[in-house]
Structures are given as structure tokens and as C-alpha cells.
Amino acid sequence: MDIDVQKMIFEFIGGLGIFLFGLKYMADGLQRTAGDRLRELLDRFTRNPLMGVIAGTVVTVLLQSSSTTTVLTVGLVNAGFMTFRQAIGVIMGANIGTTMTAFIIGFDIKAYGLPILAVGAFLLFFFKSKKVANIGQTLFGFGALFFGLEVMSGGMKPLRSMQAFQDLTVSMSDNPILGVIVGTLFTVIVQSSSATIGILQQLLGEGLVDLQAAIPVLFGDNIGTTITAVLASIGASVGAKRAAFAHVIFNVLGATVFLILLVPFERYVNWLQTSMNLEAEMTIAFAHGSFNLANTIVQFPFIAALAWVVIKLVPGDDSLIDHKPQHLDPIFIEQSPSLALDQAKEEVIRMGEYAYKGLEETSLYLNNKQQKHSEVAMQIEDALNNLDRKITDYLVDLSQASLSDEESHKHSALMDSVRDLERIGDHFENIIELIDYKNSNKVNLTPQAYEDLNTMFDLTLMTVKQATKALENMSREEALAVVQKENELDRMERSYRKKHIIRLNEGVCSGQAGIVFVDMISNLERIGDHAVNIAEEVLGEKESL
């Protein structure tokens, strides 16, 4: 008997492990195939909450992970691409989309798990194309998901002869709240509602639980899945915390309402099963889908009230960094090109301020190793990339308009400055990657290296700030000061490299630390080059007038 219990436990946890790996691997493959486009879809089609629900459903169906959709949504809220109210719609849609996994499991193709997995492995290992490899990864994950279910199912078969399990299922049939607690706890432990619903489908399929005991467990799964978002939001921004709270309130309210309406809901599911002649697994899929769809329909009219409650519970500013341009109105291109040019300039100045802020956060990250500084800097880098695209597109459209010579010079100066500011973002991103490498590989810089880096950081920050000011005020004095500072940065870099070689020869610092240090000062010097390019645009413009 002991061997049977051991075999049962090993098959169950092994099958669960394969299932979870398959689910994650499949979701990663899908995201690599379409991640950026899905983010774009979320950004574009969430102008109102109803579109948010539809977009959230579609994205989750394609990604096979409501947690990934929620994380994407939180990123968009933080980035200022989406308001918190729009995000609630997406979260509701994610709840509907996540039921697709249960429907996939409902089709009895467990026996084909291994051949699907084999096809995926073949595509992964024998093709060089990234696109084919991503499809292979998705198929491999898909096959692993079904193979894991098959192994789990085999492990659960002996449960029917265990008295303790029989007693638990009888208790859950008699006491729905116990079923909700079991579902919640198991989902919290496994961190995947898809996995716990998959297990529930197998239990019902093997006749180990009846429908009366299974439905409350299903409600508990929906409560448990919110814990992923809660854990992800710990120490995160206000937007992340709000999204997590909205998810919790939405699912807990839904489970409570349906617990009160348990008897009619059970009758409805029984009616579905008999009228559509559904297998046990598909019955759970339909129950899960019906619950999430009905929950969304019932709560959808109260999105504003839910948003108000959550904002009261989690006060603060919604987003840290606004990725969207604030001044680029296309109407000015036709009506007044000179005003459109001023608008573009305002946006470029915002980019300059962001470049300064990103570099400042990078400096803070170097000195105190707090992850929040790295996150803000990376958000700013993302914002710089987006503003670069939007401003460049606007300026390209503007170049079709009739511009005077003076305006043409200003136009080309802005075009070049945008690119320089975007490149500053790339360089501080490089520095963050170097700091991450230093921290994770426990590379120690000497106190002298830190002192040199901070001196150079301070001067680079002043150079970027002054270059933005020079552009804003079209000030020749400021621009000349930038050129002077950049010459000083060049001298600094040469001097610090020499000092570093001396430290290396004396054995004071390691080769690894040396590479990190030299790469950092090199990136700072390149930031200075881009700042001076902006200053030279100002000087060039002044000379041409």
C-alpha cells in the first residue's frame, strides 16, 4: 500500500509539474510569437470598458494566461497608455479568456499529448527560424500540458479507494463553503487556476467527485487566481496594486453571488450537461465559462463604482511615466506648420527631461541597488522609444508642409535631437544591464571606482540637463557650456581608464570589475556625445540665421 501511495503522490506532483511547465512554456511561446502586437492591441482597443473586456478576452485566449494579460495591463497603466477604469475592463475580459484552457482540456486529446510534444521538439531543434522555433515552443508546451494531465490522471485513480478522500468529497457536497476554501487554497499553492480546473476536470472525469462538490471548488479557483496579481503587486506601483485589488474584489464578489445562487446554477449546469450530452471535463469547462461570463455581465455596469472603491483603498498617482505625447496635434500640421513645430519642440523638451530623469534613476540604482530605480529607468527608456517614434512620425508628416528656411532648420534640428535623446536612453539601459550583471555576479568595484563613476555621472547629468535647456531657450551660451562639459567628460574618461589600468596592475580590482567599470564610463562618455550633438544643433541653427 505504501508503494501505491508513493506512486500516486509522485505521479500526481510529477504530472502537475509537467502540466504547469507546459502551460508556462506554451504561454511564453505564444507571447514571443505575438507579444508586442498583443500589447498594441490592448493599447489601441481599450478606449472604453466594453472594448477593454473584448481585448482582454482575445489577448488571454491567445496568450493562455490571465496573469500575463494582467501584468501587460498593469504595465500599460503604469506607462500612462491606459486609465485604471479601462484596465478593469481588460481584467474582466482576462477572466473570460482564461476559461479557454478548460475548453481545450475538455477535448479529449490527452492520448495525443506525446506526439504533439514530439512535433514541437522537432520544430524547436531542427529549424533555425525564430518564428518556427516559437511555434515549436508553443506546440511543445501544448503537448506537455496534455501529457502532464495524463500522468496526473493516472496518479489520481487510486484516490477512489481512500476513505479520507471519499469523506472529503462528501463533506464538500454537503458544505459548499468547504469546496470554495479547498479550491482557493489549492490555486494559491499551485499559482494557476488553469491547473486546478484541469485537476477538477480529471477528478470529475474519473468519478472521484460529483458535480455538486466540483462547482464550489471552481468558485474557489477563481478567488485563488487573484493571489498571483496580489503577489506581483507587492512593492510595485500604485497602478499595479489597484489592478490586483480590482481583480480580487471582482472575483470574490462573483464567487459570493454565485454561492448564494448555487442551487439554480447547479441546475443550469446539469441542464447543459444533459441537453448537450457533455463529457465530465467539458461540463466543468462550460460551468467555468458560464460563471466568468455571467460574472462579467453582472458587474460590468458597476465598473465606475469598482474603480471608485479601489482608488479609495489604494490612493496615489495612477502612473509614474506618461509614454504618450501630450502636444502633438495633427490638426496644426495643416492649419499652422509653425505652431506644429513649436508643439514638436515641446515634446522633444519632454524627452530631454525624461532622458535626464532616466539617467538620474540609473545613478541611484548604481549606488543603492534598489530595484525600483531600475524599473523607473526602464519605463523611461520605453517612454523615450515611444516618443521617438511618435515625434519622428509627426515631424515626417510636417516635412510635407511648406516651411520657411528658418523653420526647415528648426525642423531638421528637432529631427536629429529626437534621435540623440533616444540614444541616451539606450546608453543608460546599457549601464543598468551592467549594474545588473555586477550585482548578480557579485562583482565588486573599488571605492575609487565608485567615486570616479559618481563624479562622471554628475557631470553627464549636468551636460544632458544643459543640452535640453540650450534647445528649449535656443541659447548659444548654454550650448557652448555643453561643448565645454563634453570635452571635460572626454578627458575624464581617458584619465579614469588610465587609473583603472593602474588599479588592475596593482591587483586592487578584478578583471571582471574592470570590464564593468570601463563599459560604464564609455556609455557615460557616449551620452555626453549625444548631448553635444543637441548643443551643436542649437549652435548650427544660430549660425545659419
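This is a predicted model: local features need pLDDT of at least 70, side-chain atom pairs count only at pLDDT 80 or more; totals for chains, interfaces and linings use all residues.
The largest nonpolar core of the model comprises 64 residues. Within this core, the residues with the most contacts are Leu359, Ile391, Leu395, Leu453, Phe517, Met520 and Leu524. Six helices each supply at least two residues of the core: H18 (337-368), H19 (371-398), H20 (405-440), H21 (447-473), H22 (476-505) and H23 (511-544). The most is given by H23, which contributes 14 residues. The surroundings of Leu524 were examined with its neighbours within four places in sequence left aside; Leu524 is then in contact with Leu359, Ile431, Leu453, Met456, Phe457 and Thr460. Apart from the core of 64 residues lies another core, of 43 residues, which includes Ile197, Ala255, Phe258 and Val269. In soluble globular proteins, nonpolar side chains tend to be buried together.

Phe517 also takes part in an arrangement with a charged residue. The charged end of Arg503 is placed over the ring of Phe517, at 5.2 Å from the ring centre.

Aromatic pairs number 13 in the structure. In one of them, Phe21 and Phe140 have ring centres 6.3 Å apart and ring planes at 85°; the pair is edge-to-face because an angle over 60 degrees counts as such. This pair joins distant parts of the chain, with Phe21 in helix H1 (residues 2-44) and Phe140 in helix H7 (residues 130-156), 119 residues apart. Phe140 has a relative accessibility of 18% and therefore counts as buried, the limit being under 20%. Phe140 also pairs with Tyr25: the ring centres are 5.6 Å apart and the planes stand at 75°, so this pair is edge-to-face. Tyr25 in helix H1 and Phe140 in helix H7 are 115 residues apart, and this pair too links distant parts of the chain.

Elsewhere, one aromatic cluster is formed by Phe219, Phe258, Phe265, Tyr268, Trp271 and Phe291. Of these residues, Phe258 is also among the members of the core of 43 residues.

Helix H11 covers residues 211-224. H11 is mostly covered, as 13 of its 14 residues are buried.

How values were computed: Residues are numbered from 1 along each chain as its sequence is written. Side-chain values use heavy atoms; hydrogens and water are left out. Helices (H or I, at least four residues) and strands (E, at least two) are DSSP runs, numbered from the N terminus. The expected span of a helix is 1.5 Å times one less than its number of residues. Buried means under 20% relative accessible area, exposed over 50%, partly exposed in between (1.4 Å probe, protein chains only). Rings of Phe, Tyr and Trp (its six-membered ring) pair if their centres lie within 6.5 Å; planes under 30 degrees apart count as stacked, over 60 as edge-to-face and the rest as tilted. A charge sits over a ring if NZ of Lys or CZ of Arg is within 6 Å of the ring centre and within 35 degrees of the ring normal. A nonpolar core is a set of buried Ala, Val, Leu, Ile, Met, Phe, Trp, Tyr and Cys residues joined through side-chain atoms within 4.5 Å. Contact means heavy atoms within 4.5 Å.
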